[in-house]
Amino acid sequence: MDEDLESTSYLSAEDIRDIHELIVESNAETTAGVASPGDIEYTVEHIQEGHFGQVPESLHEKAFQLLRLIAANHPFVDGNKRTALMSTRIFYALNGRRFDYDREVKEILKALATDEDSVDEDDVIEYLREHTEPLAPEYGATINLWLARIEGTDQLPADHGTVNRESHEPNDYDDDPHSEE
């Protein structure tokens with residue numbers, strides 16, 4: 001195993017709802033609302049503890065389950081795929097990894113959302129493994145900015161005073177610079 005899972009950082013259900021809220025706020029065409037709060041709680045529990053005797057073991061397996069459960073279970077009225085992608089990016093970042101995805105992620109998300117059984121878990125985990133790398137130290141301030149926004153705080157620790165508060169993370173894989181045309 002290539003990760004130290006004893007020190008794995010997780011998103012809470014509230015974090016995921018806050019990520020979704022940021023996505024809604026940044027796109028006027030996205031309808032706000034939680035359709036199934038229990039599915040959000042289930043996602044968090046499953047990633048951390050597993051269910052039905054199956055526990056995601058590696059960081060990439062946990063990331064896959066996060067991506068899958070949000071996209072497939074549709075816990076939000078709208079923006080589920082974008083919330084799944086951003087939650088997965090932040091999950092990786094919290095664990096010192098950068099998820100440098102490409103347009104293929106859009107197809108993965110669409111398949112998870114519409115025909116989950118057609119998705120090969122091992123293929124997606126391999127995709128995640130191939131598209132993550134250690135996070136450069138200079139991204140620490142960005143992680144803290146995400147956490148501050150998720151937690152609804154206006155202040156970051158003093159040692160991160162150079163963060164550009166006006167920067168906007170992409171909220172849609174169609175507009176992301178990682179997307180290939």
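Biologist: Where in the chain does Glu121 have its place?
Modeller: Glu121 is found in helix H6, where helices (H or I, at least four residues) and strands (E, at least two) are DSSP runs, numbered from the N terminus. This is a predicted model, in which local features need pLDDT of at least 70 and side-chain atom pairs count only at pLDDT 80 or more, while totals for chains, interfaces and linings use all residues. Residues are numbered from 1 along each chain as its sequence is written, and side-chain values use heavy atoms, with hydrogens and water left out.

Biologist: And is Glu121 buried, partly exposed or exposed?
Modeller: Glu121 is partly exposed, since its relative accessible area is 35%; buried means under 20% relative accessible area, exposed over 50%, and partly exposed in between, with a 1.4 Å probe and protein chains only.

Biologist: Which residues gather with Glu121 in the patch of negative charge?
Modeller: The surface patch of negative charge brings Glu121 together with Glu104, Glu107, Asp120, Asp122, Asp123 and Glu130. Such patches are made of residues with over 30% relative accessible area and no salt bridge, with like charges joined within 9 Å and nonpolar side chains (Val, Leu, Ile, Met, Phe, Trp, Tyr) within 5 Å. Lys and Arg count as positive and Asp and Glu as negative, while His and the chain ends are not counted, and the place of a charge is taken as NZ of Lys, CZ of Arg, CG of Asp or CD of Glu.

Biologist: What does the accessible surface of the chain come to?
Modeller: The accessible surface is about 9,700 Å², and 43% of it belongs to carbon and sulfur atoms; accessible areas come from the Shrake-Rupley method with a 1.4 Å probe, and for residues only the protein chains shown count as cover.

Biologist: On to charge pairs, how many salt bridges does the structure hold?
Modeller: The structure holds five salt bridges, each being a side-chain nitrogen of Lys or Arg within 4 Å of a carboxyl oxygen of Asp or Glu. One of them joins Glu116 and Arg68, at 2.4 Å from N to O. Glu116 lies in the loop between H5 and H6 and Arg68 in helix H3 (residues 59-73), so this pair ties together parts that are 48 residues apart in sequence.

Biologist: Are those two partners buried or partly exposed?
Modeller: Arg68 is buried, with a relative accessible area of 16%, whereas Glu116 is partly exposed at 29%.

Biologist: What else does Glu116 touch?
Modeller: Leaving aside residues up to four places away in sequence, Glu116 touches Ala72 and Ala111 as well as Arg68. Ala111, which is found in helix H5, in turn touches Glu116, Ser118 and Val119 under the same exclusion of residues up to four places away.

Biologist: Which partner does Arg17 have in a salt bridge?
Modeller: Arg17 pairs with Glu41, and their closest N and O atoms are 3.6 Å apart. Because Arg17 lies in helix H1 (residues 13-25) and Glu41 in helix H2 (residues 37-49), the pair ties together parts that are 24 residues apart in sequence. Arg17 is partly exposed at 28% relative accessibility, and Glu41 is partly exposed at 34%.

Biologist: What about Asp100 and its salt bridge?
Modeller: Asp100 forms a salt bridge with Arg98, with the closest N and O atoms 3.8 Å apart, and salt bridges that share partners join Arg98, Asp100 and Glu133 into one network.

Biologist: Last topic, what is the phi of His74?
Modeller: His74 has a positive phi of about 50°, although it is not a glycine. Most residues other than glycine have a negative phi. His74 lies in the loop between H3 and helix H4 (80-94), and at 35% relative accessibility His74 counts as partly exposed.

Technical notes. Contact = heavy atoms within 4.5 Å.
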